[in-house]
Amino acid sequence: MQQITITTPDDWHLHFRDGDMLSETVPATARCFARAIVMPNLVPPVINATLAMEYKTRILAARPQGSHFPPQHLLLNRNDLLVGGIKPHNYCLPVLKRSSHQQALRKAVAGGSNKFFLGTDSAPHAKHAKENACGCAGCYSAWSALELYTQVFDELNALDKLEGFASFHGADFYGLPRNQSTVTLVKESWTVPGSVILPSGEPIVPFFAGQTVDWKINPV
Ligand SMILES: [Zn+2]
């Protein structure tokens, strides 16, 4: 298959952070996900409804004009973190497990079970916070998340199960309507940039930086 069109997916678990970073992270997710559950583990933390509503307002303000509003464990195992020198940009929590665990996850999603749905856990940190003696956990996967899920389902010969995983099972689980719009991906290689510069001038290294992805979102 060279092209696939699915109902616009949602991201049911990710981290946007706050402040300047929102102008990078929110558009990167809004480019292909209709809705998101945003984990508000900020500093200082969101501890009441007022703070949560204020955070929501800041997120909505960072959406690109006209737009509506990825698990690494399918793609990588602990060798990708540890072999050939530690790779801090593949460090996430829960930490990557053995290849046998990765294969079990891939088998589960390829089977089409509605118990599994998409949540990228995209969790950016500035480059210096990852490349550090006490490096932060989290991978900034929003730049390539839907493309890499598609790549995994393609490798598993399970592209017919992608839409359920990405667009239906999560909405059904949360009792929300399924999205009405669609997104099309084409089988076309592109390279994830080596770094993304924040408005503050600080770089972030996105997940899969410098590596080739086989699927690309077809611009509308
Ligand atoms: Zn998380």
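## Close-up views of a predicted model

**View 1. Three strands form an open sheet.** The strands follow the order β1-β4-β7, and their pairing is antiparallel. At the edges are β1 and β7, each of which pairs on one side only. From one strand to the next, the twist averages 35°. Strands here are DSSP runs of type E with at least two residues, helices are runs of type H or I with at least four, and both are numbered from the N terminus. Two strands pair if DSSP finds at least two bridges between them. This is a predicted model, in which local features need pLDDT of at least 70 and side-chain atom pairs count only at pLDDT 80 or more, while totals for chains, interfaces and linings use all residues. Residues are numbered from 1 along each chain as its sequence is written.

**View 2. Bridges hold a place for each partner along the strands.** In general, strands of a sheet pair through backbone hydrogen bonds, either parallel or antiparallel. Here β1 and β4 pair in the antiparallel sense over five bridges. Isoleucine 6 stands opposite valine 183 in β4, and threonine 5 has threonine 184 in β4 as its bridge partner. Five bridges also join β4 to β7, which run antiparallel. Look there for lysine 187, whose bridge partner in β7 is tryptophan 215.

View 3. (Axes are lines fitted to C-alpha atoms, for helices over the stretch in contact, and angles run from 0 to 180 degrees between N-to-C directions.) How many of the eleven residues of α6 are buried? Nine of them are, so α6 is mostly covered; a residue is buried if 20 or more other C-beta atoms, placed from the backbone, lie within 10 Å of its own, exposed if 12 or fewer, and partly exposed in between. Among the buried ones are Ala145, Leu148, Tyr149 and Phe153. The buried residues of α6 pack against β1 (3-7), α4, α7, β4 and β7 (212-217). Just after α6, asparagine 157 takes a positive phi of about 55°.

**View 4. The largest nonpolar core has 31 residues.** A nonpolar core is a set of buried Ala, Val, Leu, Ile, Met, Phe, Trp, Tyr and Cys residues joined through C-beta atoms within 7 Å. Those with the most contacts inside this core are Tyr140, Leu148, Tyr149, Val152, Leu162, Phe165 and Ala166. At least two core residues come from each of α4 (99-110), α6 (145-155), α7 (162-173) and β4 (182-191). The largest share, six residues, belongs to α6. Phenylalanine 165 touches Val109, Phe116, Phe117 and Leu118, not counting residues up to four places away in sequence; two residues are in contact if their C-beta atoms, placed from the backbone, lie within 7 Å.

**View 5. A second core and helix α1.** This separate core of nine residues includes Leu14, Val26, Ala36 and Ile59. In α1 (residues 22-30), Glu24, Thr25, Val26, Ala28, Thr29 and Ala30 are buried. Their cover includes β2 (11-14), β3 (36-38), α2 (49-61) and β5 (196-197).

**View 6. Glycine 194 sits in the loop between β4 and β5.** Is glycine 194 buried or exposed? Glycine 194 counts as exposed because it has 11 C-beta neighbours inside 10 Å. Glycine 194 touches Ala209 and Gly210, leaving aside residues up to four places away in sequence. The C-alpha atoms of glycine 194 and phenylalanine 208 are separated by 8.5 Å, with the two residues 14 apart along the chain.
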